[in-house]
Amino acid sequence: MAGLTDWDICSRILEKCNLEPTAENIEQLQKLYIKHLPEMLLRCRGYVLAGVREILENLQQRTDVLSLVLTGSVYTS
C-alpha cells in the first residue's frame with residue numbers, strides 16, 4: 001500500500017470486505033478507525049523511532065491535522 005492515500009487504503013479495505021467504497025462508507029470507516037485506534041495500540045508492543053516524538057508534539061499543536069497509523073493524512077474539521 002506504499003504511496004497510497006488513506007482514502008485509497010480505505011477503498012481497498014472496503015472492497016476486500018465486499019463493500020462499496022463510496023464516500024460515505026470511506027468516511028464511516030475512517031471514523032471507526034479513529035475511534036478504535038487508541039485501544040488497539042495498547043495491545044501492541046513496539047517502540048518509538050528517533051525524532052517521532054518531536055514531530056508528534058509539533059503536530060499536536062495543530063487543529064487541522066489528525067495523525068494516524070495508516071499514513072497520517074486524515075484531516076478533521
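Is Asp64 buried, partly exposed or exposed, and what is its relative accessibility? With a relative accessibility of 34%, Asp64 counts as partly exposed, where buried stands for under 20% relative accessible area, exposed for over 50%, and partly exposed for what lies in between (1.4 Å probe, protein chains only). The model is a predicted one, in which local features need pLDDT of at least 70 and side-chain atom pairs count only at pLDDT 80 or more, while totals for chains, interfaces and linings use all residues. Residues are numbered from 1 along each chain as its sequence is written, and side-chain values rest on heavy atoms, with hydrogens and water left out.

Asp64 takes part in a salt bridge with Arg62, at 2.9 Å from N to O, the term being used for a side-chain nitrogen of Lys or Arg within 4 Å of a carboxyl oxygen of Asp or Glu. The structure holds two salt bridges, and another pairing joins Glu39 to Arg43, whose closest N and O atoms are 3.1 Å apart. Here Glu39 is partly exposed, with a relative accessible area of 42%, whereas Arg43 is exposed at 59%.

Turning to helix 1, which spans residues 6-16, helices are DSSP runs of H or I with at least four residues, numbered from the N terminus. Within helix 1, the residues Asp6, Ile9, Cys10, Ser11 and Leu14 are buried. An α-helix has 3.6 residues a turn, so residues three or four places apart point the same way. The buried residues of helix 1 pack against helix 2, residues 23-42, contact being heavy atoms within 4.5 Å. Just after helix 1, Asn18 adopts a positive phi of about 60°.

Technical notes
Helix = DSSP H or I, 4+ residues; strand = E, 2+ residues; numbered from the N terminus.
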